[in-house]
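Subject: Structure handover

Hello,

Here is the structure I promised to pass on. Please open it first; my notes follow below.

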Amino acid sequence: MIKKNLTMPIQRCIAGEEIKNLSDSELLAVIIGTGAKGNGVIEVSNSAVKAFGGLPGMYAAGIRELAARCGIGLTKAVKIHSAFEMGRRILSDRRELEQISSPEAVWKFFISETAGLVREEFRVLILNNKNRLIKRSVISVGTVSEALVHPREVYREAIREGGSAIIVVHNHPSGFLAPSSEDIKVTERLRDAGKLIGITLLDHVIVSDQGYLSLKEEGVL
């Protein structure tokens, strides 16, 4: 039985409470371990979660940005980001040759990597003739444009790997999924280039933390 006088999250979990029942602030308190500047660890954790608008905001913040606020300091900021990285690696651990069957599958595949990003990243999935993933890579970081996302760069690895098709993916940090005119131009250019070299562009999927949009489903491809 859990003793009622055990108030610290570590003590409560040792006594039998499930970790999944801890609040965001309590989980953070377990990670950072101690308080600072006259405040206990729970107070520091509550302040940090509130200051950054929750754990996603802390994930998006840089180590020094975390360290400069709420008395966390560099050591604790590194511990926090290490915990986030452990979770990200678990979520992004995929079986080799995973089959990509839908835009939703693409979104679920990348959500652990794109969640909280503040800049657009353009990625390519290289598939074999059974639509199974054989390689993925980041092509560019920054606003999607014909200058940054050239067919040469997108298809280079697909040719090397003997891929039969590709799916391209980029995130919209704003959460607004509607494609820009540049998104459409890039998609059409990649589609046409793929036809020339015999590698099919199956889809261009725009993703955000909340959802996705398929340019194939929108009729662009």
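Glu 18 counts as partly exposed, at 44% relative accessibility. The cut-offs explain the label: partly exposed lies between buried, under 20%, and exposed, over 50%. Glu 18 sits in the loop between helix 1 (9-14) and helix 2. Its C-alpha atom is 30 Å from that of Gly 62. Along the chain, Glu 18 and Gly 62 are 44 residues apart. Please keep in mind that this is a predicted model.

Helix 2 (residues 24-32) crosses helix 3 (residues 41-51) at roughly 120°. Their axes come within 8 Å.

Helix 8 (residues 151-160) packs against helix 9 (residues 181-197) at an angle of about 40°. The axes of helix 8 and helix 9 are 10 Å apart. That angle makes helix 8 oblique to helix 9. Helix 8 also passes helix 9 in a right-handed crossing. On the helix 8 side, Pro 151, Val 154, Tyr 155 and Ile 159 make the contact. On the helix 9 side, the contact is made by Arg 189, Leu 190, Arg 191, Ala 193, Gly 194 and Ile 197. By class, the contact has seven nonpolar, one polar and two charged residues.

Is Ile 111 buried or partly exposed? Its relative accessible area is 24%, so Ile 111 is partly exposed. Leaving aside residues up to four places away in sequence, Ile 111 touches Ser 208 and Asp 209. Between the C-alpha atoms of Ile 111 and Lys 135 there are 17 Å. Ile 111 and Lys 135 are 24 residues apart along the chain.

Two asparagines come next. Asn 129 lies in the loop between strand 1 and strand 2. Asn 131 lies in the loop between strand 1 (121-127) and strand 2 (133-141). Asn 129 counts as exposed, at 65% relative accessibility. Asn 131 is partly exposed, with a relative accessible area of 29%. As for Asn 129, its C-alpha atom is separated by 26 Å from that of Asn 171. Those two residues are 42 apart along the chain.

Last, a histidine. His 170 is in strand 3 (residues 165-171). With a relative accessible area of 0%, His 170 is buried. The side chains of His 170 and His 172 are joined by a polar contact of 3.0 Å.

Best wishes

Key: Residues are numbered from 1 along each chain as its sequence is written. This is a predicted model: local features need pLDDT of at least 70, side-chain atom pairs count only at pLDDT 80 or more; totals for chains, interfaces and linings use all residues. Side-chain values use heavy atoms; hydrogens and water are left out. Axes are lines fitted to C-alpha atoms, for helices over the stretch in contact, and angles run from 0 to 180 degrees between N-to-C directions. Helices (H or I, at least four residues) and strands (E, at least two) are DSSP runs, numbered from the N terminus. Angles under 35 degrees count as roughly parallel, over 145 as roughly antiparallel, 65 to 115 as roughly perpendicular and the rest as oblique. A crossing is left-handed if the near helix is turned anticlockwise from the far one by less than a right angle, and right-handed if clockwise. Contact means heavy atoms within 4.5 Å. Ala, Val, Leu, Ile, Met, Phe, Trp, Tyr, Cys and Pro count as nonpolar, Asp, Glu, Lys and Arg as charged, and the others, Gly among them, as polar. Buried means under 20% relative accessible area, exposed over 50%, partly exposed in between (1.4 Å probe, protein chains only). A polar contact is a pair of N or O atoms within 3.5 Å; within protein, one must be able to donate a hydrogen and the other to accept it, and residues adjacent in sequence count only if both atoms are side-chain atoms.
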